[in-house]
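Here are my notes on the chain you sent. Please read them with the structure open.

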Amino acid sequence: MSLSFDPDTLPLPIGHFIGGELVEAPGAIEMHRPSDGKPYAGCPIASPEMVDRAVESAKAALKASNWGGMRPRERVRVMHAWADLIQAETETLARLEALSSTRLISQLAAGDIAVTAEQIRFFAEFADKEGSDVVPTDDKTFGMILSEPYGVVGAITPWNFPVSMAGWKLGPALAAGNAVVLKPSEMTPFSTVYLAELAIRAGLPAGLFNVVLGDGLTTGTALTGHPDIAKVSFTGSTRAGSAIMENIARSGIKPVTLELGGKSPQIVFKDADLSKAADAIAGSLLFNAGQACVAATRVIVEASVAGEFTQALITRMADVGAGPTWDAATRYSPIISQRQRDRIDAIVAAAINEGGRCIAGGKPMDRSGYFYEPTLLTDLDPSSPAILEEIFGPVLTLQTFEDEEEAMALADHPTYGLAAGLFTSDVSRTIRLSRQIQAGTIWVNRYSRSRDHILPTGGYKRSGIGKDLGREAYLANRKTKSVLISL
């Protein structure tokens, strides 16, 4: 497979995907390539009427195909065929995503797309293995808990991992017997449209998976507030998640799954393998240039090893190999937009002006595109925005502690609780602190997901509601009713 490509000649599926067909539409939102800043396309904005068309198409497809009521193994068969096509079309999907996003073509081909195919297969296998239950009652009654799909699920995915996040939403929802109307980010829409095309080629009934392009204000509001959307699943910022909940509350009540922001602490004790910890933390920060909700952003290290550990981090954050996302040799991603890079730079500058010390990076890279240097800040006041706010970029803060109690106090964030890292060789401490840390995912002596899709992900506090991945995600796409029969 030839991974590198010419970004100026790649054909794009510009339009919505409704009823199994591409609905061409004018590009209302000017799009710029993060790697070089050049405008290259426009993203359409689906009006409320277009969203209604997509929802009606999903409802009709559910009824005509009996997708939620057919033999579950038939759903499994179609979804496995879809996963096969995703893998077969890796090159096209990777190019579409690399062009508009911050994801590197090499990482997409080797990681994101293969993992998405695995996730589709993983969730497909729940279809004929999870269902209704007969429950114990007295001998004069017969009790059941019936499990059913919701109907039409509305999904909204972020720009940082477009195909992967689509897989998180689509796999459990479709396997559970629902239809889906999905809105990808207006900054990275095209790989999701192609994903829908592949689903139809694999045998998914036309209309069961529709894609509407657009912004949050118009398209997202119409989708999440639509009366025929039975459930909403969203990944993105805490602010946007709050707006979605408010919109749903105005238009009715429906269940939501929200995976939102994070400001993940990395607690490093002196008995840890410091080299391994530095690799894990720096790797997380450099991956996608820190543009991940679970990114390792707050290092909290035991004071006696802080100097040694700081130097290890600085060494690993140097010579990152920045370059265009469409070049297979590139190892470091750009920031998604000029606006976001300016925001990152403003937070870093404010931290320095307030007395913080920048010991690595600290400014935009001198090259075309929206690149920012991997940055390490220390000597910050605990109330600094650099410590409290989700920066969504390659910025790491460093604090020190003397004992466990101080470490836990520093780790506890007033707003976020999405993920955390714990580095220690003490097993008792691992178990004890894992129970204390207020986060939905805790990685110990590592900081990355694996391909074990059985592990759910989701946040505490304002980092979200519900879970993606795992059995929990499948069950979250089914509703239950209790039935009690007198004999």
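**Notes on the model**

1. Start at Gly 151. Beyond residues up to four places away in sequence, Gly 151 touches Leu 62, Asn 178 and Ala 179. Contact here means heavy atoms within 4.5 Å. Gly 151 sits in the loop between β6 and β7 (152-156). Helices (H or I, at least four residues) and strands (E, at least two) are DSSP runs, numbered from the N terminus. Gly 151 has a relative accessible area of 16%, so it is buried. The cut-offs are under 20% relative accessible area for buried, over 50% for exposed, and partly exposed in between (1.4 Å probe, protein chains only). Trp 67 is 84 residues from Gly 151 in sequence, and their C-alpha atoms are 9.9 Å apart in space.

2. A word on the source. This is a predicted model, in which local features need pLDDT of at least 70 and side-chain atom pairs count only at pLDDT 80 or more, while totals for chains, interfaces and linings use all residues. Residues are numbered from 1 along each chain as its sequence is written, and side-chain values use heavy atoms, with hydrogens and water left out.

3. Now the chain as a whole. Its secondary structure comes to 15 helices and 22 strands. The C-alpha atoms fill a box of roughly 70 × 65 × 45 Å along the principal axes. The radius of gyration is 23 Å, which agrees with the value near 23 Å for a compact globule of 487 residues. That radius is taken over C-alpha atoms, and the globule rule is 2.2 Å times the number of residues to the power 0.38.

4. How much of the chain is buried? Buried residues make up 56% of the 487 residues. Take the contacts between residues at least 6 apart in sequence: 75% of them join residues at least 24 apart. The accessible surface comes to about 19,100 Å², and 52% of it belongs to carbon and sulfur atoms. Accessible areas come from the Shrake-Rupley method with a 1.4 Å probe; for residues, only the protein chains shown count as cover.

5. Charge comes next. The chain has 46 positive and 55 negative side chains. The centres of the two sets lie 4 Å apart. Lys and Arg count as positive and Asp and Glu as negative; His and the chain ends are not counted. Each charge is placed at NZ of Lys, CZ of Arg, CG of Asp or CD of Glu.

6. Look at Glu 148, in strand β6 (residues 141-149). Which residues does Glu 148 contact, leaving aside its neighbours within four places in sequence? They are Asn 477, Arg 478, Lys 479 and Lys 481. The side chains of Glu 148 and Lys 481 are joined by a polar contact of 3.2 Å. A polar contact is a pair of N or O atoms within 3.5 Å; within protein, one must be able to donate a hydrogen and the other to accept it, and residues adjacent in sequence count only if both atoms are side-chain atoms. Glu 148 is partly exposed because its relative accessible area is 27%.

7. Leu 484 belongs to strand β22 (residues 478-486). Is Leu 484 buried or exposed? Its relative accessibility is 62%, so Leu 484 counts as exposed. Leaving aside neighbours within four places in sequence, Leu 484 contacts Thr 137, Thr 141, Phe 142 and Gly 143. Leu 484 and Thr 137 are 347 residues apart along the chain, with 8.8 Å between their C-alpha atoms.

8. Check Arg 33, in the loop between β3 (29-32) and β4 (39-43). Arg 33 has a relative accessible area of 3%, so it is buried. Not counting residues up to four places away in sequence, Arg 33 touches Pro 7, Asp 8, Lys 38, Tyr 40, Leu 99, Trp 326 and Tyr 370.

9. Two backbone angles deserve a look. Ala 289 is not a glycine, yet its phi is positive, near 55°. Ala 289 lies in the loop between α9 (274-286) and β13 (296-302) and is buried because its relative accessibility is 0%. Asn 445, also not a glycine, has a positive phi of about 55°. Asn 445 is in the loop between β19 (441-444) and β20 (460-461). At 26% relative accessibility, Asn 445 is partly exposed.
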